[in-house]
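Here is a short briefing on one protein. Have the sequence and the 3D view ready, and follow each point on the model.

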Amino acid sequence: MIINCPHCGPRDVSEFTYLGDASVKRPTSEKAARKSWENLVYNRDNPLGKHRELWHHAFACRLTMEVVRNTKTHEITSVKGRGPYFEETSK
Ligand SMILES: [Zn+2]
């Protein structure tokens, strides 16, 4: 599988680390209900089809990006950087 890093260009997936589901929301405070934290840490969906994922280009630019990938075909339809820099420039 090839991921098109917004900084480095197309690279083999072996250079990246999977960080998890990009749609998962963190609880807003440490005092949030225990169930919210348990859901963040332990519960994951296993969707078939398009899925928003977080990937980290660990062996190159160290950019964290949001990837939309089809979990059945591994086709990637979107890659965008994620973090303060990208959120500021996308406005
Ligand atoms: Zn990169």
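Buried residues make up 9% of the 91 residues in this protein. The model is a predicted one. It holds two helices and six strands. The C-alpha atoms fill a box of roughly 40 × 35 × 25 Å along the principal axes.

**Overall layout**

- Start at the N terminus and read the elements in order: β-β-β-α-β-β-β-α.
- Now look at contacts between residues at least 6 apart in sequence: 48% of them join residues at least 24 apart.

**The nonpolar core**

- Which residues make up the largest nonpolar core? There are six: Ile3, Cys5, Phe16, Trp55, Met65 and Val67.
- Two strands, β1 (2–5) and β5 (64–70), each supply at least two residues of this core.
- Ile3 belongs to this core. Setting aside neighbours within four places in sequence, Ile3 is in contact with Arg11, Val13, Phe16, Trp55, Val67, Ile76 and Val79.

**The hairpin of β1 and β2**

- β1 and β2 form a hairpin, with three residues between the two strands.
- Strand β2 covers residues 9–12. β1 and β2 run antiparallel and are joined by four bridges.
- Find Ile3 again: its bridge partner in β2 is Arg11. Arg11 is also among the contacts of Ile3.

- Ile2 has its place in strand β1.
- Is Ile2 buried or exposed? Ile2 counts as exposed, because it has 11 C-beta neighbours inside 10 Å. The cut-off for exposed is 12 or fewer.
- Ile3, by contrast, is part of the nonpolar core, and a core of this kind is a set of buried residues.
- As a general rule, side chains in a regular strand alternate between the two faces of the sheet.
- Leaving out neighbours within four places in sequence, Ile2 is in contact with Pro10, Arg11 and Asp12.
- How far apart are the C-alpha atoms of Ile2 and Val13? They are separated by 5.6 Å, although the two residues are eleven apart along the chain.

**The four-stranded sheet**

- Four strands form an open sheet in the order β3-β4-β5-β6, and their pairing is antiparallel.
- Why is one side of β3 (17–21) and of β6 (76–81) left without a neighbour in the sheet? Both strands stand at the edges, and each has a single partner strand, so one side of each has no neighbour there.
- Neighbouring strands of this sheet are turned by 30° against each other on average, with direction ignored.

**Inside the sheet: β4 and β5**

- Strand β4 spans residues 50–56. β4 and β5 pair in the antiparallel sense over seven bridges.
- Look for Lys50: it stands opposite Asn70 in β5.

- Glu66 stands opposite Lys80 in β6.
- β5 and β6 form a hairpin with five residues between them. In the turn, His74 has a positive phi of about 65°.
- How many of the six residues of β6 are buried? The number is zero, so β6 lies largely in the open.

How values were computed: Residues numbered from 1 in each chain as written. Predicted model: local features only at pLDDT ≥ 70, side-chain atom pairs only at ≥ 80, totals over all residues. Core = buried A, V, L, I, M, F, W, Y, C linked by C-beta atoms within 7 Å. Buried ≥ 20, exposed ≤ 12 C-beta atoms within 10 Å, placed from the backbone. Contact = placed C-beta atoms within 7 Å. Pairing = 2+ DSSP bridges. Axes fitted to C-alpha atoms, helices over the stretch in contact; angles between N-to-C directions.
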